[in-house]
Amino acid sequence: MANMREIRERIASIQQILKITNAMYLMSSSKLKKARKALEATDPYFYKLQETVISILEHTPHTRQQYFDRREEIPEDKRKKGYIVITADKGLCGSYNHNILKHTEAELAKAPDIDNCYLFVMGQVGRMYFQKRNRNKENFVDAEFVYTTQNPTLYRARDIAELVLEKFEKGDLDEVYLIYTDMITSSQFECTTVQLLPFERRHFSVAPDGSLKKLPKASFSPSPEEVMSYLIPQFAKGVIYGAMVEAFCCEQQARMTAMDAATTSAKDMIKELSLLYNRARQAAITQEITEVVGGANSLEEN
Amino acid sequence: MAKTFHLEIIAADRIFYQGECEHLVITAIDGLMGILPGHEPLVTCLPTGELKYMTNGKWHYAAISEGFIQVLPDKAVILADSCELPEEIDIKRAEEAKERAQEQLRQKQSIKEYYQTQAALNRAMNRLKISQKHFK
């Protein structure tokens with residue numbers, strides 16, 4: 001049986017950790033409230049945006065817009081793929097980071113040539129992970145792409161959207177994907193990949209009954225090309241912002257759950273250890289008494 | 001009762017307006033554009049500017065920054081980065097943003113930075129203009 005001092009020290013150290021996890025729990029729960037509010041405020045915009053763009057594209061005549069350019073002349077293994085990955089800035093949030101990293105790895109494995117993959121990672125954890133993973137290859141993780149995932153703002157989303165659109169226009173990237181964690185219910189998350197660029201028309205023109213509808217063409221002012229070249233950056237920005245808000249909310253939720261679990265198991269451990277401690281103390285006392293009584297007895301006999 | 005159409009104005013952080021509207025005037029890229037019930041289907045983009053809509057014979061004004069509008073036979077949807085009533089505009093913040101942008105424009109910048117600052121300045125000026133015009 002472990003001795004009393006050892007157990008006492010262990011209990012003290014667990015109590016210290018309990019304080020930390022409990023504080024983090026409280027912090028993340030208050031942050032979660034804020035994130036939830038932001039998510040609820042953004043959700044109508046996020047969904048309406050997708051819905052509207054879908055319906056606009058159904059009415060759009062064929063345009064030779066650069067964002068629709070699929071660049072089919074480039075063979076599959078030469079295509080440069082960009083991935084925007086949203087991870088957390090800190091650990092201690094359960095499997096949140098692992099899931100998104102694993103999901104990204106799976107996406108990367110699908111690509112024919114990893115040398116043509118470029119990552120734009122938001123959040124420290126993901127950056128560290130991917131920088132370590134491919135040390136020998138430069139430009140794998142964009143070094144200048146440093147954005148935090150905390151308290152997402154539209155301003156940051158605009159920056160990111162401009163950056164990837166510019167790279168796409170220049171031909172530095174041929175495809176752009178966005179990988180983030182989607183909140184399905186408050187306790188259920190799912191890692192999702194969304195293709196941002198090139199804009200795929202066929203994603204959108206799906207009629208519910210599977211038939212191809214003849215849709216009236218809407219008029220565009222001043223011209224479809226012009227409207228598209230304005231609308232698509234707007235759409236990209238909106239989608240990135242929505243994803244950021246969604247991911248941040250998931251992160252806080254994951255952290256809260258993880259910290260709650262840690263606090264509970266710390267409490268359980270303390271309970272168990274104090275039982276052990278009491279038992280050890282009792283044993284020590286009993287032993288002492290036996291010794292004293294034994295000593296006294298032997299004295300009497302003499 | 002005048003003829004109306006359904007109007008939805010959705011900003012990135014909230015639903016700004018949802019309801020019936022008799023007349024809508026937006027600032028499109030090439031100038032003001034009025035939309036009445038029964039307008040032809042139309043898609044156009046909205047730069048930073050002013051927006052007004054009439055409900056029950058009364059005009060409502062708002063400052064809008066970067067968005068687009070889709071007009072369908074029976075309704076219109078506006079999606080924008082932000083949309084504010086004149087009385088909601090934080091004048092102090094807008095003034096600070098304006099000064100910050102002007103300060104940055106005086107310094108050496110890359111073309112990209114220049115455009116960004118210009119857009120920021122534009123937003124700030126628009127906010128100030130609208131709050132001065134309609135909210136005294």
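Tutor: E84(B) counts as buried because its relative accessibility is 16%, where buried means under 20% relative accessible area, exposed over 50% and partly exposed in between, with a 1.4 Å probe and protein chains only. The model is predicted, so local features need pLDDT of at least 70 and side-chain atom pairs count only at pLDDT 80 or more, while totals for chains, interfaces and linings use all residues. Residues are numbered from 1 along each chain as its sequence is written, chains are lettered from A and ligands numbered from 1 in the order in which they are written, and side-chain values use heavy atoms, with hydrogens and water left out.

E84(B) belongs to strand 8 of chain B; helices (H or I, at least four residues) and strands (E, at least two) are DSSP runs numbered from the N terminus. Its side chain is joined to that of R127(B) by a polar contact of 2.5 Å. A polar contact is a pair of N or O atoms within 3.5 Å; within protein, one must be able to donate a hydrogen and the other to accept it, and residues adjacent in sequence count only if both atoms are side-chain atoms. Apart from neighbours within four places in sequence, E84(B) is in contact with R14(B), F16(B), A62(B), A63(B), I89(B) and R127(B), contact meaning heavy atoms within 4.5 Å.

One of these residues, R14(B), forms a salt bridge with E88(B) at 2.9 Å, N to O. The rule for a salt bridge is a side-chain nitrogen of Lys or Arg within 4 Å of a carboxyl oxygen of Asp or Glu. R14(B) lies in strand 2 of chain B and E88(B) in the loop between strand 8 and helix 1 (91–106), so the pair ties together parts that are 74 residues apart in sequence. Both ends are partly exposed: E88(B) has a relative accessible area of 37%, and R14(B) has 28% relative accessibility. Elsewhere, salt bridges with shared partners join R158(A), K237(A), E66(B), D81(B) and R123(B) into one network. Over all chains the count comes to 17 salt bridges.

Four salt bridges are found across the interface of chain B and chain A. In one, E8(B) pairs with K48(A), the closest N and O atoms being 3.2 Å apart. The side of chain B that touches chain A has 16 nonpolar, four polar and 10 charged residues; Ala, Val, Leu, Ile, Met, Phe, Trp, Tyr, Cys and Pro count as nonpolar, Asp, Glu, Lys and Arg as charged, and the others, Gly among them, as polar. In total, 30 residues of chain B are in contact with 29 residues of chain A. The area buried between the two chains is about 2,400 Å², with 59% from carbon and sulfur atoms; this is the accessible area (1.4 Å probe) that two parts lose on being put together, summed over both.

On the chain A side, K48(A) is buried, with a relative accessible area of 12%. K48(A) also forms a salt bridge with E51(A), the closest N and O atoms being 3.7 Å apart. The two residues lie in helix 1 (residues 4–58) of chain A, three residues apart, about one turn of the helix. E51(A) is partly exposed, with a relative accessible area of 46%.
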